[in-house]
Amino acid sequence: MSNENVMKGAMGTQLLLLSVVVLVISFGFAMMSIMSQGHASFNTNSNIPWGQPIATYLYFALASSGLGMIAALPLVFGFKQFYPIVKRAIFLAFIILISGMAVLAMELGHVFRMLWVIPFNMQIQSAMFWMGVFYVADLLFLLWKMQKMDAGDWDSKTSKQIAIGSFLAVLLASGNLALIFGMMSMRPFWFDGLLPIYFYLTAVASGLAALVFFTYLSHGFSRNKMSQPLQDLMNGALPKLFAAVLGGTLLFIAVRAITGVYTNNPEIYLVWRDYLFASPVYQASLWLGILLPFVLMLSKSLRNQPGTQMLVAVLVFGGLFAERFYFVVGGQVVPLFKGTWEWDLIQYSPSATEWALTFMGSALLFTLYLLGEKVLNLSAMPPAQK
Amino acid sequence: MAKWGMVIDLDKCTGCQACTTACAMENNTLPGESWQDVLYYHEGSYPSAQMKWLPRPCMQCENPSCVHVCPTRATYKDMDAGGIVFVDWNKCIGCKYCMIACPYGVRFYADEKPLLEPDLRDIFPGQKGQLWSPPYQNPEEDWTRGIGVQPKGVVSKCTFCHHKVSKAPPGTPDLDEDNPALKEYVPACVRTCAPKARYFGDLDNPDSNVNRLIGDKHGVRLKDSSGNKPQVYYLGAGAGVPAFQPKPRS
Amino acid sequence: MKLLETLMNRRRFLKSTAATGAAGAAVGGFAGLSGLAPAKQAQAQAPRGQTTVTKNICAQCPARCGIDVYTTNGRVHGIYGDTGNPIANGKLCPKGHLGSYFLYDPDRFKGPMKRTNPRKGRDEDPGFVPISWDEALDTVAARMQNLRDKGESHRFAHFYGRGWGASDAGLYGDFGKLYGTPNSAIGHASMCAEGSKRAKQATDGNNSYNSYDYKNTNYILNFGASFLEAFRPYNYLMQVWGHMRSKSPMTRITTIDVRMNPTMAASDRAVYIKPGTDGAMALAIAHVMLTEGLWDKEFVGDFNDGQNRFRTGRRIPRGSFNAKWTYGLEEWWNEELKDRTPEWAESITSVPARTIIAVAREFGTTRPAMAIMERGPTAHTNGTYNGMAIHALNALSGCMFAEGGMYYQMGPSYGGLPVNADDFMDDYAKSVQGKYPRIDKARTPEWPMTAHMMQEAGPNHLKGDPYKMDTAMFFYTNPIWSAPDPKVWEEALKDVFIIDTSHFPGETAMYADIVMPDHTYLERLQDSPTYPFEGWPMAALRVPAVDPIYDTKHFGDTLIELGKRIKGPMGEFYKALNNTENVLRHRAKGFERDPGDNGVNSFESWKEKGVWYKKPYHWRQFRGEFYEWDGQGYNHLMSEEEVKAKLIKTPTGKFEFKSGFLENHADYIHREMGVPTHRVGLVQWVEPKHSGEGDLYLVSPKTPLHAEGRSGNIPHAIANHQPIVGGKTTVYLEIHPDTARARNIRNGDKVRIKSNLGSIEAYCRYMPAHRPDTLVLPMEHGHWAQGRWAKGRLPGHSGDITENVSDPISGLAAYYTGKVTVERA
């Protein structure tokens, strides 16, 4: 066993402390401004109801789903070479989803009311209702699977059934999440029946980025400290999968962009031309956050290098976060029935409070992750695979 | 039960915004929270330019997409209230999905940055759970239908002045403000409309004046392609709303 | 004693208010009230408390719409048009609903105050401290008494803007007579719309705005009256617009204006014209109507032989035209009109000749057809002549006093006051009568044809010509902000003892030594005879909806209380007058003899219904004959003398194309305007003199949400003020994109607008629908003291760059005649 998880040591403790401090500060700041000013502390408004907190939630929820899908490779489909990352993937999926939900909770007008009004009113027509159902199911399956794995139960019948259930929950949750946007015909920038596929691809991409990053983090950014199966995975299937998924993501962005720019419908082409492509941040995130990683991962010599992998993971973090942000905001920047009251695309940039929520979510994720590394053995594998 | 409908004759509307301010004061909305708004458009240039305008209440759609997306049934279409779409402020969780799903942009989340400083909400701070409590607020209040001043964290919208309309004698085909016996039951925007560009009546009653006007003057519904089937009809030239185009910067 | 009296008044006032509440609740036929009672549906919650409705009149513009004020538990929460009021008919304009803001305005003056900082200026905090009403009244009265004792009572001046009726501005005349000042009161007419009044005085002898029979007209030729924005009575105009645009036949409307606006947009034809040149277009229309034989022969008259001899450029023989109700047509044609061709007008106005011909043919062939106007054409140095040319079209179309035409307003059947001021003039008052000119020099050789010249009062005081004011009292006017070139006023009023009576802070109030705040209109008992409307007489009444919520006082009562404190017979007069309610009770006695159509025949019924009115209008011109109402119908055929006495009050008793009124001041007009003395009477084209050296015209229109002096501080009004280009938190300068681009100005840039007086800043928006040579900046913001929302809000105030230039004839400040430059700030 060459597992030398540096997070169990002093460095992990220091990082944990740092994460807790960031968490407390960001949560405290966000809570105080929401308590004192309400959602006036956001830069969202009646014209742009969904802003960066929703994008952050979306980012986290999809990263979680992506991790769930990656975990299904060994657990459901028998790609055994992925066993070395599966427990960490399931754990990360769980805590990232928790972090995302925490951000969403701070964004809603009445979060606690949600707990009873949704189940008591059973509005099955609403995709938002199903989002609740599927992500709760997802969360429960993840927890259950985690508990099974932690107990060393890798391949009992129940454990396998849980894995299948978890995979289905992930597919339904993220696919449905896509439809929350994709079914909105009144928001043509989003309206797209294939949006779930795009969400699956980008989910896996962001899941892989998280997985690579946190795997390296737990091994002190050193390949040598990894177990042999993990090293094999990092030298083989995982970077290939990463490259393929990034390619698919690019393809999807390209076809959406091409149809978007091609159409005469101003509610679509204006978003692409005057909002997305007009933004240096979006351009940077597209070229540096998605295309560059794809190019790097295409190269056989580069993609297996730890440095490349870590760089790609970080770039993809940023690239996909921007992708989520511009996706969410882009669907709303064309004013709906505002006449001269809104004479341009609606301007939106997140407020300090909204940034605090993004930081809070990230800090919560790090905190939970580091606690997990300390308490659990996230590098565990089925005995047969060792 | 009647199916309440509104007819807006753009050939008579003068774009004065009395509907907007009557609504704002009747329903105590904040500046910018224009449940009823008038939208202005201009095209072309001197000396042959055109300018037009469009009053825009909630369309109270027959097939309201906002209702379909609400995860809590907080927003609902009340067939016992003439098909008005309400928000139950006791159920709304402030997810704002309905605002995303409304093709007409008629829903408001007033828990936002104030349009004008100083903030009216600081000058008339909220009492008894209200977002703000203006001294001139309407005594009518029914949170299950989104009537009155809303609490924080919920979506608000036009109620077709349900607190007035609901008190009309049953079976009234048209709520005509010129009839002194009915004027108190007429929605604020219709009641005050000086050129009488707005009409309010029962779309289920073939004898109602609103149906006659829709028939005679070829009433149209905004963005009919949305499939939402508004219960608000427009008459006359000008119902063609130009698509959004950003204004030239330089 | 005084204290006791005040208390008594207060108690009586409270009693009357309580009674009003009861009366309001008992208004017959108010079926809605039962609807406001707890509802039957289980889920609907009951309104919190009982609702009463009181009658009032909106005070946010001159229209005087009757309103129903809804009050529950002592809180006003709703304002709707009064169904029983003939102007409102249950409707309101966008301002009307916002009235509750006035009452609950957080910036209101809450009681009388005095100044503690002797220095005055924009940046000086007045240091107001509350005082009692007795102290306030005693201070002012002592000052007035002292002036009178010194023989300088003329140095006391009243200034007012929106006077309402017998219970406030109606008291000024007697006050000045008894006290001994020619300056009671200086009205704001010359900063309002005096031009159209003078144009009508010069042509048909009525120094008045018109009443109009819009309901029956088939054509409106609208010169710069923003019918759907600010023309009065706006609310009624919109009602009648709805009627005109759906009646059979539909009234056709052509609008001539210098900018795109809702009236232009809603009209059948929008004609853009170069600022100040409307008169040229009107003359060309007259030219076409005459050459094509489209004039109303029954009113105007005809050639003796029935052959039309009007040929472009050719004179008609003297005596060949047999005029009927007009005077001077031959001379007008020969000396002016024969050369005023559409092609000529195109060169002046920029309106294509073919458009002018088309408009003239429409106007000339449609009956009834009327030409209306307001400040657009008249707020220029040639305003009266522009107005006369436009009004001449109403003679040519024969719509004067005709069905679907134009009338003049009849006054209400008011009773007399309990006392006659003439009986209370002491020797001093008699001795100073006519001794001093007014401070604004209106009706002096400097401004012989004007009624008021308020914009001159500040500059005159500064010069000490004709004298220096000592004390000035302001009611519903704010010249330190609203006068052209207001900075002169800022300087001028520094050494004047100022009393302001506004209930909210304003620039003039910031100069006040004593503030004696009025009630808001929802707290007042106040009468208001109608502005010119449909002609038949009407007088509405404000009934307090609630007790005054602060320590304020009805301005009429303030005046009366001051009067009581002056020694001698003047004090006796005001003690007899007692208070405004007493004044109103005596005015209402007139209704006992002449009950209104709605049954109002007493003070009490007036309060209950809120309005007294009596239809119909008493005169009617029909096919060139005038008839008078005899109680049954228009049966009495009027003689020429009767017409002259009652309707066409010119020297000739005819509609004058050659004005005797102007000819009486020929030398003055020649001197001031360069018109040859023998031509001054003609309806003619006179070039406007634009102030400033800029290359662009600046117009500063009012919009529908321009609530007299207050919308700058009403959040909902600010938010909706400028929908044309979407000004939500500011008012944008509207500029044609070509004009902007030529100056490197981008859409949305902050710009500087400069005139000879200085510059103001604004954000701009491109508006391609405006003339490229005209900048449009709706007047509203740029206050330096008007409350928390108004203060410091861009854009700057258009008045700051508007030179104090006036039409020499009417005295109307030429607000729209300035030329400016614009650049990126």
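Residues are numbered from 1 along each chain as its sequence is written, with chains lettered from A and ligands numbered from 1 in the order in which they are written. Because the model is predicted, local features need pLDDT of at least 70 and side-chain atom pairs count only at pLDDT 80 or more, while totals for chains, interfaces and linings use all residues.

**View 1. Helices α1 and α14 of chain A pack together.** α1(A) covers residues 10-37 and α14(A) covers residues 352-375; helices here are DSSP runs (H or I, at least four residues) and strands are too (E, at least two), numbered from the N terminus. The axes sit 8 Å apart, at an angle of about 150°. Axes are lines fitted to C-alpha atoms, for helices over the stretch in contact, and angles run from 0 to 180 degrees between N-to-C directions. That angle makes α1(A) roughly antiparallel to α14(A) (angles under 35 degrees count as roughly parallel, over 145 as roughly antiparallel, 65 to 115 as roughly perpendicular and the rest as oblique). By class, their contact has 18 nonpolar, six polar and two charged residues. For the classes, Ala, Val, Leu, Ile, Met, Phe, Trp, Tyr, Cys and Pro are nonpolar, Asp, Glu, Lys and Arg are charged, and the others, Gly among them, are polar.

**View 2. A:Tyr282 sits in helix α11 of chain A.** That helix takes in residues 280-298. Is A:Tyr282 buried or exposed? A:Tyr282 counts as buried because it has 20 C-beta neighbours inside 10 Å (buried takes 20 or more other C-beta atoms within 10 Å, exposed is 12 or fewer, and partly exposed is in between, with C-beta atoms placed from the backbone). Leaving out residues up to four places away in sequence, A:Tyr282 touches A:Leu276, A:Phe277, A:Ala322 and A:Tyr326; contact means C-beta atoms, placed from the backbone, within 7 Å.

**View 3. Chain A meets chain B.** The contact takes 42 residues from chain A and 38 residues from chain B. On the chain A side, the elements giving two or more residues are α4 (111-121), α5 (127-150) and α10 (266-276). α4(A) gives the most, with six residues. Sorted by class, this side of chain A has 22 nonpolar, 14 polar and six charged residues.

**View 4. Strand β7 of chain B pairs with β1(B).** The two strands run parallel and are joined by four bridges (strands pair if DSSP finds at least two bridges between them). B:Asp9 has B:Leu235 as its bridge partner in β7(B). From β7(B), residues 232-235, B:Val232 and B:Tyr234 point one way and B:Tyr233 and B:Leu235 the other way, and all are buried.

**View 5. Three strands of chain C form an open sheet.** The order is β1-β2-β3, with antiparallel pairing. At the edges are β1 (51-57) and β3 (75-81), each pairing on one side only. Neighbouring strands are turned by 30° against each other on average, direction ignored. Six bridges join β2(C), residues 66-72, to β3(C), and C:Thr71 stands opposite C:Val76 in β3(C).

**View 6. Chain C meets chain B.** Here 67 residues of chain C are in contact with 60 residues of chain B. Among the elements giving two or more residues on the chain C side are α7 (234-244) and α28 (737-742). Which element gives the most to this side? That's β3(C), with six residues. The chain C side divides into 33 nonpolar, 25 polar and nine charged residues.

Technical notes:
Contact = placed C-beta atoms within 7 Å.
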